[in-house]
Protein chains: 2
Amino acid sequence: MTEHSENSLLITKVKLCKIENIILESGKQLRDVTIAYETYGTLNEKKNNAVLITHGFSGDAHAAGFHEHEAKPGWWSNMIGHGKAFDTSKYFVICSNVLGGCAGSTGPSSLNPTSNKPYALDFPIITISDMVHCQKKLIDFLKIDKLLAVVGGSMGGMQVLQWAISYPEKICSAIPIATTMKHSPQQIAFNEVGRQAIMADIGWKNGNYYDQSQPDRGLAIARMIGHITYMSDKFMQEKFSRNLKDKDRTFKFTPDFEVEGYLKYRGDTFVKRFDANSYLYITKAMDYFDVSGNNFLPNAKHKDIKFLVMSFSSDWLYPSYQSENIVKQLTLRGYNTTYVEIKSTYGHDSFLVEVKDQTKLIIHFLEKVLKEALS
Amino acid sequence: MTEHSENSLLITKVKLCKIENIILESGKQLRDVTIAYETYGTLNEKKNNAVLITHGFSGDAHAAGFHEHEAKPGWWSNMIGHGKAFDTSKYFVICSNVLGGCAGSTGPSSLNPTSNKPYALDFPIITISDMVHCQKKLIDFLKIDKLLAVVGGSMGGMQVLQWAISYPEKICSAIPIATTMKHSPQQIAFNEVGRQAIMADIGWKNGNYYDQSQPDRGLAIARMIGHITYMSDKFMQEKFSRNLKDKDRTFKFTPDFEVEGYLKYRGDTFVKRFDANSYLYITKAMDYFDVSGNNFLPNAKHKDIKFLVMSFSSDWLYPSYQSENIVKQLTLRGYNTTYVEIKSTYGHDSFLVEVKDQTKLIIHFLEKVLKEALS
């Protein structure tokens, strides 16, 4: 049984959910929407053991296990599997690629059914709420009435908050990690510079580059900026120090320091897997997201939703004060909320690598939630 | 007298100092070097009231007063003038544009005497030590044997430290502000992304763009990244909040938020006054700078140099811990050192705008230094 559960995670496959059409927050309609998703573990008969994982900005549906012929497991495989935080011998774990993405779900690089050409900038501007809307359709398609938990870090955390706001009756619990109720001007600014870098690339062609190569250099620069914000100052010092790539300074404009080589590598590998227009649409959705004030959950209405909020001490992109604001608003409204700031040096990336503390907290939290759901 | 001193600052002019040739830290020679400089106040007969101001990354020689037909005063005019921190009725204040710059001093946009065309990438890689070397030549040219003080923020602070190391016998005191003994990987990373943005611009043409327009968009993006790092998260929230430029979200990729418009404006105005290749050379000089360890001042040798080190609580680009490291090393070596962390919300820009606290501290410090110099 144990072996089977472990092995069943080894090879995973992306599945597709088709949605005829949805009305977006902007009022526009989107037809023939595909949502790519994966599942791990088994849905029980009562269908009350489903956990939805929502991914961060550059994530995808492949959260765990291995795709055939691929050596690298899914992006949260250290958290999903037998005996892990999201224990696949207990829970049915679902992860889908967001609307607007480029890993199977409909986005700007998908074929526009009207023109039979890629949407490019004819793709409508989407919001976090639109992403969650599609996830709700997926859950309906899977015939799950209520999720045991919705969980995600960074932009995934925004989707978690949006779930609690849009479909409070559809979730037992919510775990927003390293996230915010709204982007600060600094967060908007970093996203905007990334967008500008893409749009400044002559290869972007106002979004119509699909018959040629991507605006590689602009996209790589956007990604490099992102990577700086994902790491803490301290972690970068531990990882790179001021180590030179070669023995001495080159006195040239080629990368001298290890950190420069690392950023270049991360930029270059990113452009092979990510669509530049998706970068624009998804960052815009993050910047538009604002569930503060009256947009937040109403007072004492869905008190049965339990919240586990986590942040990381060294995360300066989504600093702890933003999680504390979430906790404050939840508490003021009477929600059952647990908050933990995990001590970590990894910066924003912590939610992907600080496995031990997150695992303990999530196991304990989900057991409580499951117990109540079954009672 | 007072009136005259004030008026004498109103209109200032850039002057030029010619240096036949210098040997750079890289071993290369540079011929026919020009250093642009300005002076404010009067050099006394004993020539012991001279203060050298060293500028930050994008600064220039125009630190105070007004150029004819220009409405905006020099970049540190709130600190230099009659009754100000650098009181021009007492001190003779000098500021020069750094080697590698593009505001009068020799840099990559200058004519290469060998080819009679702009240097572009034939300009040799320069270091902070090379900049200071040129400043020393300027001081010699002005027949000043010893400076009362060398003062500067950010990259200016690096030059201050370099002065104390290269020419300790030539300075009575040093005021490094919001600076570091060496760039951290994070600081290098931000600079590198800026360089990559410039070099990715098709208009950069491997540096040979002088017969056409600059790589405007790449340079603007580099500057936008810079501006984000110059401001604190809190200050950005106070200045911009999430205010929209227009009444509602545009659902387009044009700037929606005020912060986006601000960055665009700062990027666009910067390209009109700054040379893209200078951006590459000067940031590289900053990244190469490393006076930690054995490169720092020797033990108890030039104990007569007094140090005033200042940092700003909200500066996350040059965080206080970097200034504290400077203070620690100075103290361990027996130097007379005063350190103040000024409470401020402006971030790294604080050194340009936190006038009141800096003024008090500098006036008091310089009076002590002057008293000892005269005794």
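A residue counts as buried under 20% relative accessible area, as exposed over 50%, and as partly exposed in between (1.4 Å probe, protein chains only). The model is predicted: local features need pLDDT of at least 70, side-chain atom pairs count only at pLDDT 80 or more, and totals for chains, interfaces and linings use all residues. Residues are numbered from 1 along each chain as its sequence is written, chains are lettered from A and ligands numbered from 1 in the order in which they are written, and side-chain values use heavy atoms, without hydrogens and water.

By the 2.5 Å limit between cysteine sulfur atoms, there are zero disulfides over all chains. Cys95(A) is in no disulfide; the nearest cysteine sulfur belongs to Cys17(A), 14 Å away. Cys95(A) is buried, at 0% relative accessibility. Cys172(A) is buried, with a relative accessible area of 17%.

Secondary structure follows DSSP runs, numbered from the N terminus: helices (H or I) of at least four residues and strands (E) of at least two. Strands pair if DSSP finds at least two bridges between them. In chain A, eight strands form an open sheet of mixed pairing, in the order E1-E2-E4-E3-E7-E8-E9-E10. Neighbouring strands are turned by 20 degrees on average, direction ignored. Axes are lines fitted to C-alpha atoms, for helices over the stretch in contact; angles run from 0 to 180 degrees between N-to-C directions.

Strands E7 (149–153) and E8 (173–177) of chain A pair in the parallel sense over four bridges. Val150(A) has Ala174(A) as its bridge partner in E8(A). Contact means heavy atoms within 4.5 Å. Helix H3 (155–166) of chain A lies across E3 (50–54), E7, E8 and E9 (306–312), at about 150 degrees to E7(A). Helix H11 (355–374) of chain A packs on the sheet, touching E7, E8, E9 and E10, and makes about 175 degrees with E9(A).

Most residues other than glycine have a negative phi. Ser154(A), not a glycine, has a positive phi of about 60 degrees. Ser154(A) sits in the loop between E7 and H3 of chain A and is buried, with a relative accessible area of 6%. Lys143(B) has a positive phi near 60 degrees. Lys143(B) lies in the loop between H2 (128–141) and E7 (149–153) of chain B and is exposed, at 61%.
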